[in-house]
Amino acid sequence: MRKQLVGLLWDIGLPLVVYYAGRILGYDVLPALAAAAGAALVRVAVIAVVQRRLNGLAAFVGGTFGVLLVISLLTGDPRILLAKESVLSGAAGLLLLGSVLLGRPLVYAIARKANAGKPELLAEWDDRWQTQPTFRKHFTTLTAVFGAVLLADAIIRLILVYTLPVNTMANLSPVMHIAALAILISWSLWYRNHRQRALQTT
C-alpha cells in the first residue's frame, strides 16, 4: 500500500510542485504550467524506459497538462490551464461516483490491488462482499464521499477560475487543495471512529 501511495504522490504531486516552484521564482502562469506539463511527461518517459511499462495516471496527468497548454496557447487564455485541476479532480470524482453506481466501488478495487499478495485475505473479502451488506456499505461510503468531495472541489474551482483574476486564483489554488485534503482526512477519521463504535455495540 505504501508503494502505491508514494507512486500516487509522485504522479500527481510532481507537476504541482514544479508549477508552484515556477510561480515562486517569478514566472508567469503559462511558463510555469508548461514546465509542470513537461515534468509530468518526463516522469512518464522515465518509467517507460526504466520499468518498461506505461504509467497510466502519470500519462493522464501529463496529457491533460499538454492538451490544456495547447488550447491555452491557441486561444491566448491562461484560465484554461488553471482549469486543469478541475479537469483532474472532476474526472477522478466522476470515476469514483460512477464505480459506486456500477456496484463496484473503486476504493474496494484499490484495496484489493494493494493486497494482491495476500490470497487468503482476498478470499475472505470476496466472501464478506457476498454475505455482509455492512462490508459493502463501508467501501461504497468511502468511495462515494471521496468522489463527491473531489467533484465539488472541481466545480467550485472552475467557477472561481472564471470569476477571479488569474494571479489570485493561482495563489488560491493550493489553499483549496489543503482545504479539500483536510475535509477528507477529518471525515475519514470521524468515519473510522464512528464505524468502530458501531461494531463494538453489535
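Some conventions before the details. Residue numbers start from 1 along each chain as its sequence is written, and side-chain values use heavy atoms, with hydrogens and water left out. Because the model is predicted, local features need pLDDT of at least 70 and side-chain atom pairs count only at pLDDT 80 or more, while totals for chains, interfaces and linings use all residues.

I start with the rings. The structure holds eight aromatic pairs. Rings of Phe, Tyr and Trp, the last by its six-membered ring, pair if their centres lie within 6.5 Å; planes under 30 degrees apart count as stacked, over 60 as edge-to-face, and the rest as tilted. One of the pairs is Tyr108 with Trp125, which is tilted, at 6.1 Å centre to centre and 35 degrees between the planes. This pair links distant parts of the chain: Tyr108 is in helix H6 (residues 106-114) and Trp125 in helix H7 (residues 119-131), 17 residues apart. Helices here are DSSP runs of H or I, at least four residues, numbered from the N terminus. Tyr108 and Trp125 are both buried, meaning under 20% relative accessible area with a 1.4 Å probe, protein chains only.

A second pair, Trp187 and Tyr191, is stacked, with 4.9 Å between centres and 10 degrees between the planes. Trp187 and Tyr191 are four residues apart in helix H9 (residues 166-201), so about one helical turn separates them. Trp187 and Tyr191 are buried.

Back to Trp125. Ring pairs join Tyr108, Trp125, Trp129, Phe135 and Phe139 into a cluster. Arg104 lies over the face of Trp129, 5.3 Å from the ring centre; the criterion is CZ of Arg within 6 Å of the ring centre and within 35 degrees of the ring normal.

Now the helix contact. The axes of H7 and helix H8 (residues 133-161) come within 6 Å and cross at roughly 100 degrees. Axes are lines fitted to C-alpha atoms over the stretch in contact, with angles from 0 to 180 degrees between N-to-C directions. H7 is therefore roughly perpendicular to H8, a label for angles of 65 to 115 degrees. On the H7 side the contact is made by Trp125, Arg128, Trp129, Gln130 and Thr131, and on the H8 side by Pro133, Phe135, Arg136 and Phe139, where contact means heavy atoms within 4.5 Å.

Last, Ser99 in helix H5 (residues 84-101). Ser99 counts as buried because its relative accessibility is 9%. Leaving out residues up to four places away in sequence, Ser99 touches Arg104, Pro105, Leu106 and Thr143.

Conventions
Helices (H or I, at least four residues) and strands (E, at least two) are DSSP runs, numbered from the N terminus. Buried means under 20% relative accessible area, exposed over 50%, partly exposed in between (1.4 Å probe, protein chains only). Angles under 35 degrees count as roughly parallel, over 145 as roughly antiparallel, 65 to 115 as roughly perpendicular and the rest as oblique.
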